[in-house]
Amino acid sequence: MELPFFYLFSVGIIGASILMVTRANVIHAALLLVLTFFFLSGVYVLAGAEFLAVVQILLYAGGIMVLYLFSIMLMSVDVAVRLRQFHRQTIFAMATAVLLALEIWMVLSRGTSYPAFKSFGWGIGATPGNVEALGSVLYTQFLFPFEVASVLLLAAMIGAIVLAKRTIDR
Amino acid sequence: MIAEIIAATLKIVLVLGVVSLVVAYLTYLERKIIGHIQMRLGPMRVGWHGLLQPIADGLKLFLKEDIIPSRADKIVFVIAPIMVLVPAFVVYSVLPFGPNFYITQVNVGLFLVLAVSSLGVFGIVMAGWASNSKYSLLGALRGAAQMLSYEIFLGFALIGPLMLAGSLNLQNIVQAQSDVWFVFYQPLAFIVFFIAALAETNRVPFDLPEAETELVAGFHTEYSGMKFAFFFLAEYANIMAVSTVGIAVFFGGWKGIPGIPLPGLVWYLLKLGAIIFVFIWIRATLPRYRYDQLMRIGWKFMFPLVIANIFLTGLVKLLFL
(Lines give C-alpha, C1' and ligand atoms only; values in the text may rest on other atoms or scores of the structure.)
Protein backbone atom coordinates (compact mmCIF):
# COMPACT_ATOMS: atom_id res chain seq x y z
CA MET A 1 0.00 0.00 0.00
CA GLU A 2 2.80 2.42 0.84
CA LEU A 3 5.04 1.67 -2.11
CA PRO A 4 2.93 3.27 -4.87
CA PHE A 5 2.57 6.38 -2.72
CA PHE A 6 6.31 6.48 -2.16
CA TYR A 7 6.92 6.38 -5.91
CA LEU A 8 4.23 9.00 -6.48
CA PHE A 9 5.83 11.38 -3.98
CA SER A 10 9.35 10.68 -5.25
CA VAL A 11 8.38 11.34 -8.85
CA GLY A 12 6.65 14.50 -7.59
CA ILE A 13 9.76 15.69 -5.76
CA ILE A 14 12.08 15.04 -8.68
CA GLY A 15 9.69 16.41 -11.29
CA ALA A 16 8.87 19.57 -9.35
CA SER A 17 12.55 20.19 -8.55
CA ILE A 18 13.59 19.86 -12.19
CA LEU A 19 10.79 22.18 -13.26
CA MET A 20 11.78 24.57 -10.48
CA VAL A 21 15.40 25.02 -11.59
CA THR A 22 14.45 25.38 -15.25
CA ARG A 23 11.80 28.11 -14.86
CA ALA A 24 12.76 31.59 -16.05
CA ASN A 25 10.04 33.18 -13.93
CA VAL A 26 11.13 33.35 -10.27
CA ILE A 27 7.58 33.24 -8.91
CA HIS A 28 6.87 30.02 -10.77
CA ALA A 29 10.12 28.60 -9.42
CA ALA A 30 9.16 29.55 -5.85
CA LEU A 31 5.71 27.97 -6.21
CA LEU A 32 7.24 24.79 -7.59
CA LEU A 33 9.59 24.72 -4.60
CA VAL A 34 6.49 24.77 -2.38
CA LEU A 35 5.16 21.81 -4.35
CA THR A 36 8.46 20.01 -3.75
CA PHE A 37 8.07 20.58 0.01
CA PHE A 38 4.60 19.08 -0.17
CA PHE A 39 5.75 15.88 -1.80
CA LEU A 40 8.67 15.72 0.64
CA SER A 41 6.32 15.92 3.61
CA GLY A 42 4.36 13.07 2.01
CA VAL A 43 7.51 10.96 2.13
CA TYR A 44 7.95 11.90 5.80
CA VAL A 45 4.43 10.69 6.55
CA LEU A 46 5.20 7.36 4.87
CA ALA A 47 8.34 7.05 7.03
CA GLY A 48 6.19 7.47 10.15
CA ALA A 49 7.51 10.95 10.92
CA GLU A 50 4.17 12.76 11.10
CA PHE A 51 5.52 15.57 13.24
CA LEU A 52 8.35 16.28 10.83
CA ALA A 53 5.91 16.25 7.92
CA VAL A 54 3.65 18.82 9.55
CA VAL A 55 6.61 21.00 10.57
CA GLN A 56 7.83 20.82 6.99
CA ILE A 57 4.55 22.27 5.74
CA LEU A 58 4.06 24.72 8.61
CA LEU A 59 7.55 26.23 8.58
CA TYR A 60 8.92 25.79 5.08
CA ALA A 61 5.78 26.03 2.99
CA GLY A 62 3.61 28.17 5.26
CA GLY A 63 6.32 30.39 6.70
CA ILE A 64 9.59 30.70 4.85
CA MET A 65 8.25 30.37 1.32
CA VAL A 66 5.58 33.00 1.97
CA LEU A 67 8.36 35.39 2.97
CA TYR A 68 10.26 34.47 -0.21
CA LEU A 69 7.20 35.15 -2.34
CA PHE A 70 6.56 38.33 -0.40
CA SER A 71 9.92 39.76 -1.45
CA ILE A 72 9.95 38.31 -4.98
CA MET A 73 6.51 39.78 -5.66
CA LEU A 74 7.88 43.28 -5.27
CA MET A 75 10.42 42.94 -8.06
CA SER A 76 9.58 43.38 -11.67
CA VAL A 77 9.45 39.83 -12.97
CA ASP A 78 9.04 40.99 -16.60
CA VAL A 79 12.52 42.50 -16.50
CA ALA A 80 14.03 39.56 -14.64
CA VAL A 81 12.78 37.09 -17.26
CA ARG A 82 14.58 39.00 -20.00
CA LEU A 83 17.89 38.94 -18.10
CA ARG A 84 20.58 36.39 -18.89
CA GLN A 85 19.47 33.04 -17.46
CA PHE A 86 22.78 31.21 -17.52
CA HIS A 87 26.00 32.44 -16.04
CA ARG A 88 28.59 30.24 -17.83
CA GLN A 89 29.37 28.32 -14.66
CA THR A 90 28.68 24.93 -16.24
CA ILE A 91 32.04 23.38 -15.39
CA PHE A 92 31.98 24.49 -11.78
CA ALA A 93 28.36 23.39 -11.37
CA MET A 94 29.07 19.98 -12.88
CA ALA A 95 32.05 19.45 -10.58
CA THR A 96 29.92 20.35 -7.56
CA ALA A 97 27.13 18.04 -8.70
CA VAL A 98 29.51 15.12 -9.16
CA LEU A 99 31.04 15.72 -5.72
CA LEU A 100 27.61 15.88 -4.11
CA ALA A 101 26.47 12.73 -5.88
CA LEU A 102 29.59 10.92 -4.66
CA GLU A 103 28.96 12.04 -1.10
CA ILE A 104 25.33 10.90 -1.19
CA TRP A 105 26.37 7.58 -2.69
CA MET A 106 29.02 7.10 0.01
CA VAL A 107 26.49 7.65 2.79
CA LEU A 108 23.64 5.67 1.25
CA SER A 109 25.74 2.68 0.22
CA ARG A 110 26.75 2.09 3.83
CA GLY A 111 23.14 2.28 4.96
CA THR A 112 22.47 2.42 8.67
CA SER A 113 25.95 1.15 9.51
CA TYR A 114 27.26 4.66 8.80
CA PRO A 115 28.67 6.02 12.09
CA ALA A 116 26.59 9.21 12.02
CA PHE A 117 23.35 7.22 11.88
CA LYS A 118 24.18 4.84 14.73
CA SER A 119 23.17 6.98 17.68
CA PHE A 120 19.62 7.42 16.37
CA GLY A 121 18.25 4.27 17.87
CA TRP A 122 14.48 4.54 17.58
CA GLY A 123 13.22 2.69 14.55
CA ILE A 124 11.27 4.24 11.73
CA GLY A 125 7.56 4.16 12.43
CA ALA A 126 8.01 2.56 15.87
CA THR A 127 4.96 4.45 17.11
CA PRO A 128 2.54 5.72 14.49
CA GLY A 129 2.55 9.24 15.86
CA ASN A 130 5.78 10.10 17.56
CA VAL A 131 5.20 13.56 19.03
CA GLU A 132 5.55 12.29 22.61
CA ALA A 133 8.67 10.27 21.79
CA LEU A 134 10.19 13.19 19.94
CA GLY A 135 9.42 15.59 22.76
CA SER A 136 10.91 13.44 25.50
CA VAL A 137 14.07 12.71 23.50
CA LEU A 138 14.46 16.35 22.54
CA TYR A 139 14.20 17.60 26.10
CA THR A 140 16.37 14.92 27.75
CA GLN A 141 18.96 13.27 25.54
CA PHE A 142 19.35 16.19 23.12
CA LEU A 143 18.65 19.04 25.51
CA PHE A 144 22.02 20.73 25.06
CA PRO A 145 22.04 20.86 21.23
CA PHE A 146 18.40 21.97 21.38
CA GLU A 147 19.21 24.87 23.69
CA VAL A 148 22.28 25.80 21.64
CA ALA A 149 20.09 25.97 18.55
CA SER A 150 17.56 28.16 20.37
CA VAL A 151 20.25 30.60 21.54
CA LEU A 152 21.67 30.71 18.03
CA LEU A 153 18.26 31.53 16.58
CA LEU A 154 17.65 34.16 19.25
CA ALA A 155 20.99 35.79 18.42
CA ALA A 156 20.12 35.75 14.71
CA MET A 157 16.73 37.30 15.46
CA ILE A 158 18.20 40.11 17.56
CA GLY A 159 20.85 40.69 14.91
CA ALA A 160 18.21 40.96 12.19
CA ILE A 161 16.17 43.45 14.23
CA VAL A 162 19.26 45.56 14.97
CA LEU A 163 20.25 45.63 11.29
CA ALA A 164 16.73 46.51 10.17
CA LYS A 165 16.27 49.19 12.81
CA ARG A 166 19.55 50.93 11.95
CA THR A 167 18.43 51.65 8.41
CA ILE A 168 15.06 52.95 9.60
CA ASP A 169 16.57 55.40 12.09
CA ARG A 170 18.95 56.95 9.57
CA MET B 1 -9.50 -2.82 2.91
CA ILE B 2 -11.78 -1.78 0.04
CA ALA B 3 -14.72 -1.46 2.42
CA GLU B 4 -12.62 0.89 4.57
CA ILE B 5 -11.72 3.02 1.57
CA ILE B 6 -15.36 3.21 0.48
CA ALA B 7 -16.47 4.12 4.02
CA ALA B 8 -13.81 6.81 4.25
CA THR B 9 -14.75 8.20 0.85
CA LEU B 10 -18.43 8.33 1.83
CA LYS B 11 -17.56 10.19 5.03
CA ILE B 12 -15.43 12.68 3.11
CA VAL B 13 -18.17 13.26 0.54
CA LEU B 14 -20.74 13.70 3.32
CA VAL B 15 -18.62 16.20 5.26
CA LEU B 16 -17.66 18.08 2.08
CA GLY B 17 -21.27 18.27 0.95
CA VAL B 18 -22.60 19.43 4.29
CA VAL B 19 -19.79 21.94 4.75
CA SER B 20 -20.31 23.42 1.26
CA LEU B 21 -24.04 23.79 1.88
CA VAL B 22 -23.58 25.27 5.36
CA VAL B 23 -20.94 27.64 4.02
CA ALA B 24 -23.34 28.81 1.29
CA TYR B 25 -26.01 29.44 3.92
CA LEU B 26 -23.53 31.28 6.15
CA THR B 27 -23.52 34.03 3.53
CA TYR B 28 -27.32 34.21 3.87
CA LEU B 29 -27.10 34.22 7.66
CA GLU B 30 -24.52 36.99 7.57
CA ARG B 31 -26.62 39.22 5.31
CA LYS B 32 -29.71 38.54 7.38
CA ILE B 33 -28.09 39.21 10.77
CA ILE B 34 -26.29 42.34 9.58
CA GLY B 35 -29.55 43.47 8.02
CA HIS B 36 -31.44 43.14 11.28
CA ILE B 37 -28.63 44.78 13.27
CA GLN B 38 -28.84 47.75 10.89
CA MET B 39 -32.67 47.84 11.08
CA ARG B 40 -33.12 46.35 7.62
CA LEU B 41 -34.71 43.08 6.59
CA GLY B 42 -31.85 41.65 4.53
CA PRO B 43 -32.61 39.40 1.54
CA MET B 44 -36.41 38.88 1.23
CA ARG B 45 -37.16 38.25 -2.46
CA VAL B 46 -36.06 34.71 -3.29
CA GLY B 47 -38.14 32.17 -1.39
CA TRP B 48 -39.65 32.61 2.07
CA HIS B 49 -37.67 35.38 3.81
CA GLY B 50 -35.03 35.02 1.11
CA LEU B 51 -34.19 31.44 2.06
CA LEU B 52 -33.27 30.48 -1.49
CA GLN B 53 -30.97 33.50 -1.91
CA PRO B 54 -27.66 31.53 -1.60
CA ILE B 55 -28.79 29.15 -4.34
CA ALA B 56 -29.73 32.05 -6.61
CA ASP B 57 -26.37 33.68 -5.85
CA GLY B 58 -24.54 30.46 -6.60
CA LEU B 59 -26.35 30.06 -9.93
CA LYS B 60 -25.59 33.66 -10.82
CA LEU B 61 -21.88 33.25 -10.07
CA PHE B 62 -21.83 29.97 -11.97
CA LEU B 63 -23.31 31.51 -15.11
CA LYS B 64 -21.25 34.71 -15.05
CA GLU B 65 -18.59 35.30 -17.65
CA ASP B 66 -15.20 34.11 -16.47
CA ILE B 67 -12.77 36.95 -17.15
CA ILE B 68 -8.99 36.51 -17.17
CA PRO B 69 -7.15 39.85 -17.54
CA SER B 70 -4.99 39.89 -20.66
CA ARG B 71 -1.85 40.94 -18.76
CA ALA B 72 -2.36 38.37 -16.02
CA ASP B 73 -0.14 35.33 -15.46
CA LYS B 74 -2.78 32.88 -16.64
CA ILE B 75 -1.65 29.66 -14.94
CA VAL B 76 -1.11 31.22 -11.52
CA PHE B 77 -4.30 33.25 -11.92
CA VAL B 78 -6.33 30.07 -12.42
CA ILE B 79 -4.59 28.04 -9.71
CA ALA B 80 -4.87 30.78 -7.03
CA PRO B 81 -8.59 30.33 -6.14
CA ILE B 82 -8.06 26.56 -5.95
CA MET B 83 -5.08 27.10 -3.64
CA VAL B 84 -7.35 29.11 -1.34
CA LEU B 85 -10.24 26.68 -1.33
CA VAL B 86 -8.37 23.36 -1.01
CA PRO B 87 -6.60 24.05 2.34
CA ALA B 88 -9.86 25.48 3.69
CA PHE B 89 -11.55 22.13 3.06
CA VAL B 90 -8.61 19.82 3.84
CA VAL B 91 -8.63 21.12 7.42
CA TYR B 92 -11.99 19.41 7.99
CA SER B 93 -10.32 15.99 7.68
CA VAL B 94 -9.15 16.05 11.31
CA LEU B 95 -11.77 18.25 13.01
CA PRO B 96 -13.98 16.54 15.60
CA PHE B 97 -17.71 17.09 15.00
CA GLY B 98 -19.01 14.49 17.46
CA PRO B 99 -17.85 11.61 19.66
CA ASN B 100 -17.86 9.24 16.69
CA PHE B 101 -18.25 11.71 13.87
CA TYR B 102 -14.95 12.72 12.28
CA ILE B 103 -13.14 11.74 9.10
CA THR B 104 -9.89 10.68 10.73
CA GLN B 105 -7.86 11.12 13.89
CA VAL B 106 -4.22 12.05 13.62
CA ASN B 107 -1.69 12.14 16.40
CA VAL B 108 -0.60 15.62 15.31
CA GLY B 109 -4.17 16.75 14.62
CA LEU B 110 -4.14 20.31 15.90
CA PHE B 111 -0.73 20.93 14.43
CA LEU B 112 -1.94 19.67 11.06
CA VAL B 113 -4.86 22.10 11.19
CA LEU B 114 -2.47 25.00 11.78
CA ALA B 115 -0.10 23.86 9.03
CA VAL B 116 -2.76 23.32 6.40
CA SER B 117 -4.67 26.49 7.19
CA SER B 118 -1.44 28.47 6.91
CA LEU B 119 -1.30 27.45 3.25
CA GLY B 120 -4.33 29.55 2.36
CA VAL B 121 -2.10 32.61 2.26
CA PHE B 122 -0.41 31.21 -0.87
CA GLY B 123 -3.66 31.51 -2.77
CA ILE B 124 -3.98 35.13 -1.69
CA VAL B 125 -0.41 35.97 -2.64
CA MET B 126 -0.74 34.14 -5.97
CA ALA B 127 -4.03 35.85 -6.77
CA GLY B 128 -2.65 39.27 -5.94
CA TRP B 129 0.50 38.85 -7.96
CA ALA B 130 -1.01 37.07 -10.97
CA SER B 131 -3.75 39.67 -11.44
CA ASN B 132 -1.11 42.24 -12.43
CA SER B 133 -3.07 45.05 -10.81
CA LYS B 134 -1.89 47.40 -8.09
CA TYR B 135 -4.95 46.97 -5.90
CA SER B 136 -4.56 43.21 -5.98
CA LEU B 137 -0.85 43.40 -5.25
CA LEU B 138 -1.35 45.73 -2.29
CA GLY B 139 -4.11 43.50 -0.92
CA ALA B 140 -1.92 40.42 -1.30
CA LEU B 141 1.02 42.11 0.42
CA ARG B 142 -1.14 43.07 3.35
CA GLY B 143 -2.68 39.61 3.43
CA ALA B 144 0.67 37.88 3.49
CA ALA B 145 2.08 40.05 6.28
CA GLN B 146 -1.09 39.88 8.34
CA MET B 147 -1.67 36.14 8.05
CA LEU B 148 1.99 35.36 8.63
CA SER B 149 2.10 37.31 11.89
CA TYR B 150 -1.30 36.32 13.26
CA GLU B 151 -0.65 32.67 12.53
CA ILE B 152 2.08 32.88 15.16
CA PHE B 153 -0.29 34.26 17.81
CA LEU B 154 -2.95 31.72 16.84
CA GLY B 155 -0.51 28.85 17.28
CA PHE B 156 1.02 30.22 20.49
CA ALA B 157 -2.41 30.84 22.03
CA LEU B 158 -3.18 27.14 21.57
CA ILE B 159 -0.05 26.02 23.42
CA GLY B 160 -1.52 26.82 26.87
CA PRO B 161 -4.56 24.54 26.47
CA LEU B 162 -2.31 21.96 24.81
CA MET B 163 -0.12 21.83 27.91
CA LEU B 164 -3.22 21.13 29.99
CA ALA B 165 -4.51 18.46 27.61
CA GLY B 166 -1.12 16.86 27.00
CA SER B 167 -2.02 15.84 23.48
CA LEU B 168 -2.23 17.23 19.95
CA ASN B 169 -5.03 14.85 18.99
CA LEU B 170 -8.22 16.90 18.82
CA GLN B 171 -10.41 14.08 20.19
CA ASN B 172 -8.08 13.71 23.19
CA ILE B 173 -8.17 17.46 23.76
CA VAL B 174 -11.97 17.34 23.83
CA GLN B 175 -11.88 14.36 26.22
CA ALA B 176 -9.53 16.27 28.54
CA GLN B 177 -12.29 18.86 29.07
CA SER B 178 -14.78 16.45 30.61
CA ASP B 179 -14.92 18.45 33.85
CA VAL B 180 -14.07 22.05 33.04
CA TRP B 181 -13.82 23.73 29.65
CA PHE B 182 -10.37 25.14 28.98
CA VAL B 183 -11.77 28.61 28.38
CA PHE B 184 -12.08 28.92 32.18
CA TYR B 185 -8.48 27.86 32.76
CA GLN B 186 -7.12 29.82 29.79
CA PRO B 187 -9.17 33.01 29.35
CA LEU B 188 -6.15 35.00 28.11
CA ALA B 189 -5.31 32.36 25.53
CA PHE B 190 -8.90 32.35 24.31
CA ILE B 191 -9.02 36.14 23.84
CA VAL B 192 -5.78 36.10 21.87
CA PHE B 193 -6.98 33.08 19.90
CA PHE B 194 -10.22 34.80 18.97
CA ILE B 195 -8.55 38.03 17.84
CA ALA B 196 -5.98 36.06 15.85
CA ALA B 197 -8.79 33.99 14.33
CA LEU B 198 -10.51 37.17 13.13
CA ALA B 199 -7.26 38.28 11.51
CA GLU B 200 -6.51 34.85 10.02
CA THR B 201 -9.89 34.72 8.30
CA ASN B 202 -9.55 38.32 7.08
CA ARG B 203 -12.69 39.40 8.89
CA VAL B 204 -13.66 42.85 10.09
CA PRO B 205 -11.97 44.58 11.95
CA PHE B 206 -8.93 43.02 10.24
CA ASP B 207 -10.19 42.76 6.66
CA LEU B 208 -7.30 44.85 5.31
CA PRO B 209 -6.43 42.49 2.42
CA GLU B 210 -9.85 43.16 0.89
CA ALA B 211 -10.54 46.64 2.29
CA GLU B 212 -13.21 47.70 -0.15
CA THR B 213 -13.08 51.41 0.62
CA GLU B 214 -9.41 51.71 -0.33
CA LEU B 215 -8.42 48.70 -2.41
CA VAL B 216 -11.63 48.00 -4.43
CA ALA B 217 -11.69 44.36 -3.32
CA GLY B 218 -8.03 43.73 -2.53
CA PHE B 219 -6.50 40.52 -3.78
CA HIS B 220 -9.62 39.33 -5.62
CA THR B 221 -10.36 42.58 -7.49
CA GLU B 222 -9.80 41.00 -10.92
CA TYR B 223 -11.73 37.80 -10.26
CA SER B 224 -15.24 37.07 -11.46
CA GLY B 225 -17.69 34.20 -11.73
CA MET B 226 -16.81 30.86 -10.17
CA LYS B 227 -13.26 31.92 -9.30
CA PHE B 228 -14.65 34.74 -7.19
CA ALA B 229 -17.09 32.30 -5.61
CA PHE B 230 -14.14 30.12 -4.62
CA PHE B 231 -12.61 32.97 -2.60
CA PHE B 232 -15.99 33.64 -1.03
CA LEU B 233 -16.56 29.99 -0.11
CA ALA B 234 -13.04 29.65 1.24
CA GLU B 235 -13.51 32.62 3.55
CA TYR B 236 -16.60 31.11 5.14
CA ALA B 237 -15.13 27.60 5.21
CA ASN B 238 -12.15 29.07 7.08
CA ILE B 239 -14.43 30.81 9.56
CA MET B 240 -16.20 27.54 10.26
CA ALA B 241 -12.94 25.61 10.56
CA VAL B 242 -11.32 28.10 12.94
CA SER B 243 -14.51 28.21 15.01
CA THR B 244 -14.49 24.42 15.21
CA VAL B 245 -10.88 24.47 16.42
CA GLY B 246 -11.81 27.09 19.01
CA ILE B 247 -14.76 25.00 20.17
CA ALA B 248 -12.66 21.84 20.38
CA VAL B 249 -9.82 23.48 22.28
CA PHE B 250 -11.63 25.98 24.51
CA PHE B 251 -15.30 25.00 24.75
CA GLY B 252 -15.18 21.24 25.20
CA GLY B 253 -15.91 20.35 21.56
CA TRP B 254 -18.99 18.15 21.31
CA LYS B 255 -19.26 17.78 25.10
CA GLY B 256 -22.34 19.44 26.53
CA ILE B 257 -23.37 20.82 29.88
CA PRO B 258 -23.97 17.85 32.23
CA GLY B 259 -27.64 17.13 32.88
CA ILE B 260 -28.94 18.15 29.45
CA PRO B 261 -28.96 15.03 27.29
CA LEU B 262 -28.38 16.11 23.70
CA PRO B 263 -26.29 14.31 21.08
CA GLY B 264 -22.69 15.51 20.70
CA LEU B 265 -23.27 16.78 17.18
CA VAL B 266 -26.12 19.01 18.38
CA TRP B 267 -23.95 20.50 21.11
CA TYR B 268 -21.22 21.13 18.55
CA LEU B 269 -23.66 22.85 16.18
CA LEU B 270 -25.09 25.02 18.99
CA LYS B 271 -21.61 26.21 19.94
CA LEU B 272 -20.69 26.72 16.31
CA GLY B 273 -23.77 28.85 15.76
CA ALA B 274 -22.97 30.98 18.80
CA ILE B 275 -19.35 31.61 17.74
CA ILE B 276 -20.26 32.39 14.14
CA PHE B 277 -22.94 34.80 15.39
CA VAL B 278 -20.21 36.65 17.31
CA PHE B 279 -18.09 36.78 14.13
CA ILE B 280 -20.97 38.39 12.23
CA TRP B 281 -21.92 40.63 15.15
CA ILE B 282 -18.35 42.01 15.23
CA ARG B 283 -18.50 42.68 11.50
CA ALA B 284 -21.63 44.77 11.94
CA THR B 285 -20.20 46.66 14.93
CA LEU B 286 -16.53 47.50 14.54
CA PRO B 287 -14.66 49.74 12.07
CA ARG B 288 -11.54 48.55 10.28
CA TYR B 289 -8.11 48.80 11.91
CA ARG B 290 -5.33 50.74 10.24
CA TYR B 291 -2.48 48.59 8.98
CA ASP B 292 0.15 49.86 11.44
CA GLN B 293 -2.34 49.50 14.31
CA LEU B 294 -2.91 45.90 13.29
CA MET B 295 0.79 45.12 13.39
CA ARG B 296 1.28 47.04 16.63
CA ILE B 297 -1.40 45.29 18.66
CA GLY B 298 -0.16 42.02 17.23
CA TRP B 299 3.52 42.19 18.01
CA LYS B 300 3.56 44.58 20.97
CA PHE B 301 0.46 43.46 22.84
CA MET B 302 -0.70 40.00 21.88
CA PHE B 303 2.71 38.42 21.41
CA PRO B 304 4.01 39.19 24.95
CA LEU B 305 0.62 38.16 26.28
CA VAL B 306 0.72 34.66 24.75
CA ILE B 307 4.33 34.15 25.82
CA ALA B 308 3.37 35.15 29.38
CA ASN B 309 0.41 32.78 29.18
CA ILE B 310 2.62 29.86 28.17
CA PHE B 311 5.09 30.68 30.95
CA LEU B 312 2.35 30.98 33.59
CA THR B 313 0.66 27.76 32.47
CA GLY B 314 3.96 25.95 32.71
CA LEU B 315 4.65 27.42 36.14
CA VAL B 316 1.23 26.51 37.52
CA LYS B 317 1.45 23.04 36.04
CA LEU B 318 4.90 22.50 37.56
CA LEU B 319 3.94 23.77 41.01
CA PHE B 320 0.37 22.57 41.56
CA LEU B 321 -0.42 19.71 39.16
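Which residue with a positive phi follows α9(B)? It's B:Asn202, at a phi near 55°. Some notes on that spot and on the rest of the model follow.

1. **Ground rules.** This is a predicted model: local features need pLDDT of at least 70, side-chain atom pairs count only at pLDDT 80 or more, and totals for chains, interfaces and linings use all residues. Residues are numbered from 1 along each chain as its sequence is written, while chains are lettered from A and ligands numbered from 1 in the order in which they are written.

2. **Confidence.** The complex gets an ipTM of 0.79 and a pTM of 0.82 from the predictor. On pLDDT (the predictor's confidence in each residue, from 0 to 100), chain B has a mean of 84, with 100% of its residues at 70 or more. Within chain B, α9(B) has the highest confidence, at 88, and α10(B) the lowest, at a mean of 72. Chain A averages 79, and 79% of its residues score at least 70. I'd flag residues 121–126 of chain A, where the pLDDT is below 50; beyond near neighbours in sequence, that stretch has five contacts in the model. (Contact here is two residues whose C-beta atoms, placed from the backbone, lie within 7 Å.)

3. **Chain B overall.** Chain B has 13 helices and zero strands. (Helices are DSSP runs of H or I, at least four residues; strands are runs of E, at least two; both are numbered from the N terminus.) Its radius of gyration is 20 Å, close to the 20 Å that the globule rule gives for 321 residues, so chain B is as compact as a globular protein of that length. (The radius is taken over C-alpha atoms, and the rule is 2.2 Å times the number of residues to the power 0.38.) Along the principal axes, the C-alpha atoms of chain B fill a box of roughly 65 × 50 × 50 Å. Of contacts in chain B between residues at least 6 apart in sequence, 78% join residues at least 24 apart.

4. **Burial and core.** Buried residues make up 46% of the 321 residues in chain B. (Buried means 20 or more other C-beta atoms within 10 Å of the residue's own, exposed 12 or fewer, and partly exposed in between, with C-beta atoms placed from the backbone.) The largest nonpolar core has 113 residues, and B:Val125, B:Ala157, B:Phe193, B:Ala196 and B:Ala237 have the most contacts inside it. (Such a core is a set of buried Ala, Val, Leu, Ile, Met, Phe, Trp, Tyr and Cys residues joined through C-beta atoms within 7 Å.) Leaving out residues up to four places away in sequence, B:Ala237 touches B:Val19, B:Val23, B:Ala88 and B:Phe89.

5. **Helix α9(B).** This helix is mostly covered, with 10 of its 14 residues buried. B:Phe193, B:Ala196 and B:Glu200 are among those buried residues, and the buried set packs against α6, α8 (182–185), α11 (225–250), α12 (264–285) and α13 (291–320) of chain B. (The expected span is 1.5 Å times one less than the number of residues.)

6. **Helix α1(B).** With 36 residues, α1(B) reaches 51 Å from its first C-alpha to its last, close to the 52 Å expected. Its buried residues are B:Val19, B:Val23, B:Leu26, B:Tyr28 and B:Lys32. They pack against α2, α3 (74–90), α11 and α12 of chain B.

7. Most residues other than glycine have a negative phi. B:Asn202 lies in the loop between α9 (187–200) and α10 (212–215). Buried or exposed? B:Met39 counts as exposed because it has 6 C-beta neighbours inside 10 Å, whereas B:Asn202 is buried, with 26 other C-beta atoms within 10 Å.

8. **Chain A and the interface.** Chain A comes to eight helices and zero strands, and 14% of its 170 residues count as buried. In the interface, 18 residues of chain B are in contact with 17 residues of chain A. On the chain B side, α4 (109–117), α5 (120–130) and α6 (134–165) each supply at least two residues. That side has 16 nonpolar, two polar and no charged residues. (Ala, Val, Leu, Ile, Met, Phe, Trp, Tyr, Cys and Pro count as nonpolar, Asp, Glu, Lys and Arg as charged, and the others, Gly among them, as polar.)
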